[in-house]
Amino acid sequence: MEKKGRGSRKSDRPAAAVAAELKEKRDAFLQSFFKRGAELSDELMQENRRLRDQLGALEAENAELKTQLASDRAIRDLLKKIDQLERVTQVENDLESFANLYVASFQLHLSLRLRTVIRHIKELLQQLIGARAMAIYLADEGGQRLVPVASDGIELASVAGVTLHDGAVSDPVAAVVERTFLTGVAHIAEGAVTSEPAACIPLHVEDRPIGAIVVYGLFAQKAAFVTLDRELFKLLGAHAGATLLAAYMYTAGDGRLPEPEALRSLLE
């Protein structure tokens with residue numbers, strides 16, 4: 001039998017079978033291709049929805065940040081205005097304090113009549129400080145006793161004198177008055193005034209102690225002392241003593257002015 005060469009050998013499979021196999025592979029490829037395409041499309045749509053949601057959240061956050069920024073700016077502007085108003089208020093309070101101190105100083109030196117000077121001291125304590133009850137003490141010639149000479153809001157007869165250097169003062173008010181006079185250090189209640197005396201101010205003429213002003217209590221609407229009150233107390237302590245002494249001498253002399261020759265001899 002004649003043998004055929006290797007190069008001329010034909011496939012033993014029928015052409016129809018080969019074509020069917022190729023068609024099956026092509027259909028499988030196309031089905032896989034379109035399926036993967038559908039999956040990719042679905043993934044892209046899901047990613048698009050996720051990005052849309054993320055974009056919406058970012059836009060909402062951006063709008064919230066803008067609102068917050070506007071609110072912060074408004075708050076800063078408001079705080080700035082409040083600071084400006086507080087400065088203006090402080091200036092107004094300072095001017096009012098200066099005005100009250102000027103009025104107090106003016107009233108103290110307005111007259112040399114003893115009754116008028118006493119009345120002015122009472123009015124200052126009542127109207128500017130809010131003193132409900134007060135008394136003025138002066139030391140006797142020997143400096144052994146403080147004697148009440150005037151009062152307001154309390155009967156003068158009920159105000160007891162204070163013996164100095166006693167060392168056994170039982171009355172707490174008298175103890176404060178004695179300590180204030182001897183040390184020259186004012187007693188002014190800190191915070192709410194709940195006990196007597198509310199304040200005690202020493203009176204001096206130059207370096208010599210001559211008496212004290214005692215504030216027993218304040219009006220109901222005045223709960224505590226403020227900075228202006230302390231400044232007024234300083235003014236009274238520095239000027240009221242000399243004013244009282246001058247008024248006493250002027251009143252005791254029936255308002256007569258010194259003779260020029262007598263005044264000149266004193267100066268010489």
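**Close-up views of a predicted model**

The largest cavity in this structure has a volume of about 40 Å³. The model is predicted, and local features need pLDDT of at least 70, side-chain atom pairs count only at pLDDT 80 or more, and totals for chains, interfaces and linings use all residues. Residues are numbered from 1 along each chain as its sequence is written, and side-chain values use heavy atoms, with hydrogens and water left out.

View 1. The structure holds 1 cavity of 30 Å³ or more; on a 1 Å grid over the protein atoms alone, a cavity is a set of points where a 1.4 Å probe fits but cannot get out, and lining residues have an atom within 4 Å of a point. Grid points are joined across faces, edges and corners, and a volume is the space filled by probe spheres set on the points. The largest cavity is lined by Ala104, Leu124, Leu125, Leu128, Ile129, Leu232, Leu235 and Leu236, and two or more lining residues come from each of helix H2 (114–129) and helix H4 (227–252), where helices (H or I, at least four residues) and strands (E, at least two) are DSSP runs numbered from the N terminus. H2 provides the largest share of this lining, 4 residues. By class, the lining of the largest cavity has 8 nonpolar, no polar and no charged residues, with Ala, Val, Leu, Ile, Met, Phe, Trp, Tyr, Cys and Pro counted as nonpolar, Asp, Glu, Lys and Arg as charged, and the others, Gly among them, as polar.

**View 2. The largest pocket.** The largest pocket has a volume of about 490 Å³, a pocket being an open set with protein on both sides within 12 Å along at least five of seven lines. Of the 20 residues that line this pocket, Leu138, Ala139, Ile210, Leu245 and Tyr248 are the closest to its centre. At least two lining residues are supplied by each of H2, strand S1 (131–139), strand S2 (145–152), strand S6 (208–218) and H4, and H4 gives the most, with 4 residues. The lining of the largest pocket has 14 nonpolar, 2 polar and 4 charged residues.

View 3. An open sheet is formed by 6 strands in the order S3-S2-S1-S6-S5-S4, with antiparallel pairing; two strands pair if DSSP finds at least two bridges between them. Strand S3 (162–163) and strand S4 (187–188) stand at the edges, each with a single partner strand, so one side of each is left without a neighbour in the sheet. S1 and S2 pair in the antiparallel sense over 6 bridges, with tyrosine 137 opposite proline 148 in S2 and leucine 138 opposite valine 147 in S2. These two strands form a hairpin with 5 residues between them, and glycine 143 in the turn has a positive phi of about 65 degrees. S2 also pairs with S3 in the antiparallel sense, over 2 bridges, and arginine 145 stands opposite threonine 163 in S3.

**View 4. Backbone details in two loops.** Most residues other than glycine have a negative phi, and most peptide bonds are trans. A cis peptide bond, with omega about -10 degrees, joins glutamate 196 and proline 197, and proline 197 has its place in the loop between S4 and strand S5 (199–205). Glutamate 206 lies in the loop between S5 and S6, and its phi is near 60 degrees, a positive value in a residue other than glycine.
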